[in-house]
Amino acid sequence: MNAANSKPLLVVGAGIAGITTALEAAEAGQEVVLLEREPSVGGRVLKNHQYFPKMCPPACGMEINTRRLERNSRLRVLMQAQLESATRSGGGWQVKVRQSPEYVTSACTACGDCSKVCPSKVADPFNLGLVQVPAIRIPHTDAWPRRYVLDREACPTGCQACADVCKAKAVVLDAKERTEELEVGAIVVATGWAPYSLEKLPELGGGVIPDVVSNVQLERFAAPAGPTGGKILRPSDGQPPKRVAFVQCAGSRDVNHLAYCSAVCCTASAKQALYVRQQLPEAAVTVYYIDRRMPGRNESMLVEAEAAGVKFVKGKVGKIRQGDGGAVVMRVEEIEAGRLGEVEADLVVLATGMEPRGLGGKGLPIKLDADGFVLDDRAAGVFAAGVARRPEDVAATVRDATGAAAKALCATRSV
Ligand SMILES: Cc1cc2nc3c(=O)[nH]c(=O)nc-3n(C[C@H](O)[C@H](O)[C@H](O)COP(=O)(O)OP(=O)(O)OC[C@H]3O[C@@H](n4cnc5c(N)ncnc54)[C@H](O)[C@@H]3O)c2cc1C
């Protein structure tokens, strides 16, 4: 059976993994439906300031992909959409997809008039809730589709300022949720990851000490469109830190938290240590690690960080407390020096790991491993791609997602 008369492939999640799988399959002739639960595609990669190994803004690579998405008539992208149910049907799946109400339609020209008159503010999900933005807004500067989104629950009763000002008549305040049933030949789960919560690490000051932040927060602090306009500052007093410490394996490779290695945190911290040295050349930057796991070309980040004066100390940080005069005090076992003692910093970055997100719903057709990552199930025609399958960086995700497209193509063509 050729691709033209096989059932479509369903890809859930439009991060770099889902986009890659969907594009590779569609460009090979397969009809594809790509679901994304957020109002724009790209996933977590776009929240980075720069991405290793090239250290370019993540929007660069994503722009090429969104152009490919736009041009491919075999690909349907459903935004703010989630898989509601899936039942076996004729060797494939009958699925129900739920789409949130489309309060801003494709008629939106992204002029921004609605944001200017909006009286209501919400915590900005793109900036991890660290700043307030109007309830109607563009999700972020590089959003695709380039369309505003409305947080309807935040609207004051009776307010229709955005609808009144919209010249394109794109705001529909009484839009309704929609459901759609589809017959698909195979499913690729590319739902990615969520950061391990800082609040689960109170012994390391997570959620308790203001100047203990996570690696994902640091990406936003360093980004020009982030909450500090790209300045790396201490949250407690808004001052540039003079001593910055990175704590590796914060809640990772630890049976009390995440038992596994998240594979990217060592390279991400070397990258972030470079952000600090480039922006604050006087700051002392130390990375406390158990092992340095930066395979392949990611090792160049270690070389660059060391050349830039970043100090790497083999040592386990066991406890972090608030010290005097705003200092953050870490209890560290420095393994090579054979020393156990306390070290001060002004800003501590916890390298927290990635937790798989799965499909979230009940009764959906996925098998998980012991850590919650999605397993391929060839017999059922369900495959995993990207960090939904295992922790990995973007380059590995793209390879993995291309493989998932190939496996799913075989499955859809045999249905
Ligand atoms: C601090 C940090 C820095 C990093 N820096 C780099 C770097 O510089 N270079 C690099 O190569 N890698 C980096 N990484 C790793 C990189 O972020 C991942 O490799 C990448 O995000 C994996 O993409 P993904 O598509 O698998 O997942 P995600 O980026 O999480 O995308 C998943 C998508 O699925 C959507 N989704 C989730 N659930 C559902 C659902 N139920 N229904 C519909 N849609 C859903 C999400 O909204 C999202 O759009 C970093 C990681 C961390 C923690």
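**Exercise 1. Where does Gly230 lie, and is Gly230 buried or exposed?**

*Solution.* Step 1: Gly230 belongs to the loop that joins helix 5 and strand 14. Helices (H or I, at least four residues) and strands (E, at least two) are DSSP runs, numbered from the N terminus. The structure is a predicted model, in which local features need pLDDT of at least 70 and side-chain atom pairs count only at pLDDT 80 or more, while totals for chains, interfaces and linings use all residues. Residues are numbered from 1 along each chain as its sequence is written, and side-chain values use heavy atoms, with hydrogens and water left out.

Step 1: Gly230 counts as buried because its relative accessibility is 11%; buried means under 20% relative accessible area, exposed over 50%, and partly exposed in between (1.4 Å probe, protein chains only).

Step 2: Leaving aside residues up to four places away in sequence, Gly230 touches Phe221, Ala222, Ala223, Pro224 and Gln279. Contact means heavy atoms within 4.5 Å.

Step 3: Cys155 is 75 residues from Gly230 along the chain, and their C-alpha atoms are separated by 30 Å.

**Exercise 2. Describe the surroundings of Glu219.**

*Solution.* Step 1: Glu219 is found in helix 5.

Step 1: Glu219 is classed as buried because its relative accessible area is 3%.

Step 2: Beyond residues up to four places away in sequence, Glu219 touches Lys47, Asn48, His49, Gln50, Lys271, Gln272 and Tyr275.

Step 3: For one of these residues, His49, the backbone nitrogen is reached by the side chain of Glu219 at 2.9 Å.

**Exercise 3. Follow the pairing from strand 15 to strand 18.**

*Solution.* Step 1: Strand 15 (residues 284-289) and strand 16 (residues 311-322) are parallel partners over four bridges; Val287 has Phe312 in strand 16 as its bridge partner.

Step 1: Strand 16 and strand 17 pair in the antiparallel sense over seven bridges, and the bridge partner of Arg321 in strand 17 is Val329. These two strands form a hairpin with five residues between them, where Gly325 in the turn has a positive phi of about 60°.

Step 2: Strand 17 (residues 328-334) and strand 18 are joined by seven bridges in the antiparallel sense; Val328 has Ala345 in strand 18 as its bridge partner. Their hairpin has four residues between the strands, and Gly338 takes a positive phi near 60°.

**Exercise 4. How do helix 6 and helix 7 pack, and which residues make the contact?**

*Solution.* Step 1: Two packed helices are described by the angle between their axes and the distance between the axes.

Step 1: Helix 6 (residues 265-279) and helix 7 (residues 299-307) pack at an angle of about 35°, and their axes are 9 Å apart.

Step 2: The crossing of helix 6 and helix 7 is left-handed. A crossing is left-handed if the near helix is turned anticlockwise from the far one by less than a right angle, and right-handed if clockwise.

Step 3: Helix 6 contributes Thr267, Ala270, Lys271 and Leu274 to the contact, and helix 7 contributes Met301, Leu302, Glu304 and Ala305.

Step 4: The contact residues divide into five nonpolar, one polar and two charged. Ala, Val, Leu, Ile, Met, Phe, Trp, Tyr, Cys and Pro count as nonpolar, Asp, Glu, Lys and Arg as charged, and the others, Gly among them, as polar.

Definitions and conventions:
Axes fitted to C-alpha atoms, helices over the stretch in contact; angles between N-to-C directions. Polar contact = N/O pair within 3.5 Å; in protein donor to acceptor, adjacent residues only side chain to side chain. Pairing = 2+ DSSP bridges.
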